[in-house]
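Thanks, everyone; today I would like to walk through the disulfides of one structure, pair by pair. Please have a look at it first.

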Amino acid sequence: MASKSLISVALLSLVMLILALGSNAGGIAIYWVQNGNEGTLEETCASGNYKFVNMAFLSSFGNGQKPMLNLAGHCDPYSNGCTKFSSEIKSCQAKGIKVILSIGGGAGGYTLASSADAKQLATYLWNNFLGGQSSSRPLGDAVLDGIDFDIEGGTSQHWDELAGYLSGYSKRGKKVYLTAAPQCPFPDAWIGNALKTGLFDYVWVQFYNNPPCQFTPGNVSSLEDAWKQWTSAIPATKIFLGLPAAPQAAGSGFIPASDLTSDVLPGIKGSAKYGGVMLWSKYYDDLTKYSSSIKNAV
């Protein structure tokens with residue numbers, strides 16, 4: 001009898017542990033490399049605060065342009081100076097952190113002119129950043145975990161095809177994660193169609209610089225309504241609440257940590273698609289220690 005009761009207690013403890021993990025399984029995604037004063041990639045991952053790091057950005061591509069990285073003050077891609085990050089990427093991945101290349105951004109010169117353009121870019125990304133082979137891999141031989149679509153200009157066409165081509169490479173062994181950073185007005189003007197494909201794993205919606213669907217003191221309902229729309233309409237594995245890590249990181253939409261933990265997170269964590277919080281960016285997070293102050297609540 002004693003052994004049966006011990007087994008029962010052990011099983012109950014295991015179930016409670018699984019439930020506890022499941023109920024608060026959110027993580028923090030961070031955008032890194034748009035400021036040379038934000039520390040190294042390795043330091044970012046060593047902080048223990050982040051589950052995803054988006055290296056930003058591949059800011060030029062498409063319509064005949066040579067794809068080009070812009071990693072701010074961290075390295076010079078023109079002199080092959082960004083290959084030094086290969087060992088740091090591997091160090092992050094060894095800690096279980098997914099490192100993703102973000103394409104696009106708010107200031108890049110990029111577009112997809114055709115289906116052929118989308119296929120060509122997918123091939124380039126596979127060979128130069130993912131599991132393929134190239135003699136000119138900008139970040140060295142490290143194999144990134146996926147591609148992030150931070151599309152804020154250019155065109156609204158062919159992103160669904162790019163997602164399809166990239167997703168096809170997952171069949172070659174290591175999964176290619178697809179993530180996206182749409183604006184919170186639904187549907188997103190640039191990649192709304194692509195997000196309908198169901199090919200995206202993680203979608204970190206930008207709930208800032210968009211007053212109709214972002215938090216304002218005393219009003220959580222606009223954000224919650226938009227959150228419900230995103231989580232019910234987009235067939236992604238997890239949806240993240242995208243926020244600025246400091247008031248100066250965005251024009252509007254900053255949520256003080258105390259408001260986030262007491263007023264906002266309790267209203268959205270009940271969703272089965274809740275994945276956590278995305279922050280822009282590492283530089284601003286260093287200034288405010290925002291991720292440290294919200295981590296336990298996320």
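Let me begin with Cys 45 and Cys 92, which are joined by a disulfide (a pair of cysteine sulfur atoms within 2.5 Å), with an S to S distance of 2.0 Å. Cys 45 sits in helix H2 (residues 41-46) and Cys 92 in helix H3 (residues 86-94), so this pair ties together parts that are 47 residues apart in sequence. Helices (H or I, at least four residues) and strands (E, at least two) are DSSP runs, numbered from the N terminus. The link of Cys 45 and Cys 92 is right-handed, with 95° about the S-S bond, and both cysteines are buried, meaning under 20% relative accessible area, where over 50% is exposed and in between is partly exposed (1.4 Å probe, protein chains only).

A word on the source: this is a predicted model, in which local features need pLDDT of at least 70 and side-chain atom pairs count only at pLDDT 80 or more, while totals for chains, interfaces and linings use all residues. Residues are numbered from 1 along each chain as its sequence is written, and side-chain values use heavy atoms, with hydrogens and water left out.

Next, Cys 75 is joined to Cys 82, S to S 2.0 Å, in a right-handed link with 90° about the S-S bond. Cys 75 is buried at 11% relative accessibility, and Cys 82 is buried at 1%.

Finally, Cys 184 and Cys 213 form a disulfide with sulfur atoms 2.0 Å apart, and both residues are buried.

By this rule the count is three disulfides, and, numbering the bonded cysteines in sequence order, the pairing is 1-4, 2-3, 5-6.
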